[in-house]
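Morning, everyone. Please look at the model first, and then I will walk you through some rings and some helices.

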Amino acid sequence: ASCEPGEARSAYGLRLANLCESKLSDDNRAYAWYLKVVEEDIRYAAAYDGLERTAGKTGHAQVVVDLYNRHIEASDEADFIREFRFRVGRMLFEYLDQSRAAQDIFEALLAEDNEDVRALGALENILDREGRFDELLEVNTRRMELAKTPEDKAETLLMRARINENQRNDK
């Protein structure tokens, strides 16, 4: 099986990043390799999660947010833009302590597609962390209505149980 030179280089870079992260526990080198892979081929999706994870661990989350935002602005492909907006929102919330900005992104994604289960889940995480249980219950109810797989239903029910427990503890 042959592949394009760029694809082979990306796959090699990804293997090096994974090795640095998992075997050598060197998040800085792993981050550098993930970043190189994604900068060379923004569509090499296999590297996104590792890039985001190591950027968060090494204090480079803003670099990744800026990289994604540049590609959002340069693209006119709706699915690509939507994916990267979600990833920017997640980075803002998880690594940059910008939950309000992240919430705005997830709400905008939901305004475009009110059945976006990932955006609902991300919004749940923000509301849960901030202890906004009434809003969280609303979002959880919407997510439960959209849950299709047994796993999604179970996850949603577990969140519902946590919400109820937290509400009781707050009283």
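A word on terms before we start. Buried means under 20% relative accessible area. By that cut-off, both Tyr 48 and Phe 84 are buried. Keep in mind that this is a predicted model.

Let's stay with the rings. A pair of aromatic rings is described by the distance of the centres and the angle of the planes. How many aromatic pairs does the structure hold? Five.

Take Tyr 48 and Tyr 68. Their pair is edge-to-face, with 6.3 Å centre to centre and 70° between the planes. Tyr 48 belongs to helix 3, residues 48-58, and Tyr 68 to helix 4, residues 61-74, so this pair ties together parts that are 20 residues apart in sequence. Are these two tyrosines buried or exposed? Tyr 48 is buried, and Tyr 68 is too.

Tyr 48 also pairs with Phe 84. That pair is edge-to-face as well: 5.1 Å centre to centre, 70° between the planes. Here the link runs from helix 3 to helix 5, residues 78-95. Tyr 48 and Phe 84 are 36 residues apart, and the pair links distant parts of the chain.

Now put the rings together. Tyr 48, Tyr 68, Phe 80 and Phe 84 are linked by ring pairs into a cluster. Phe 80 has a charged neighbour: Arg 43 lies over its face, at 4.1 Å from the ring centre.

On to the helices. Two packed helices are described by the angle between their axes and the distance between the axes.

Angles under 35 degrees count as roughly parallel.

Next, helix 5 with helix 7, residues 117-129. The angle is about 15°, and the axes are 11 Å apart. These two helices are therefore roughly parallel to each other. The crossing of helix 5 and helix 7 is left-handed. Helix 5 brings Glu 83, Phe 86 and Phe 93 to the contact. From helix 7, the residues include Arg 118, Ala 122 and Ile 126.

One last detail. The charged end of Arg 118 sits over the ring of Phe 86, 3.9 Å from its centre.

How values were computed:
Residues numbered from 1 in each chain as written. Predicted model: local features only at pLDDT ≥ 70, side-chain atom pairs only at ≥ 80, totals over all residues. Heavy atoms only, no water. Phe/Tyr/Trp six-rings, centres within 6.5 Å; stacked < 30°, edge-to-face > 60°. Helix = DSSP H or I, 4+ residues; strand = E, 2+ residues; numbered from the N terminus. Buried < 20%, exposed > 50% of the residue type's maximum accessible area, 1.4 Å probe, protein only. Lys NZ or Arg CZ within 6 Å of the ring centre and 35° of its normal. Axes fitted to C-alpha atoms, helices over the stretch in contact; angles between N-to-C directions. Parallel < 35°, antiparallel > 145°, perpendicular 65-115°, else oblique. Left-handed = near helix turned anticlockwise from the far one by under 90°. Contact = heavy atoms within 4.5 Å.
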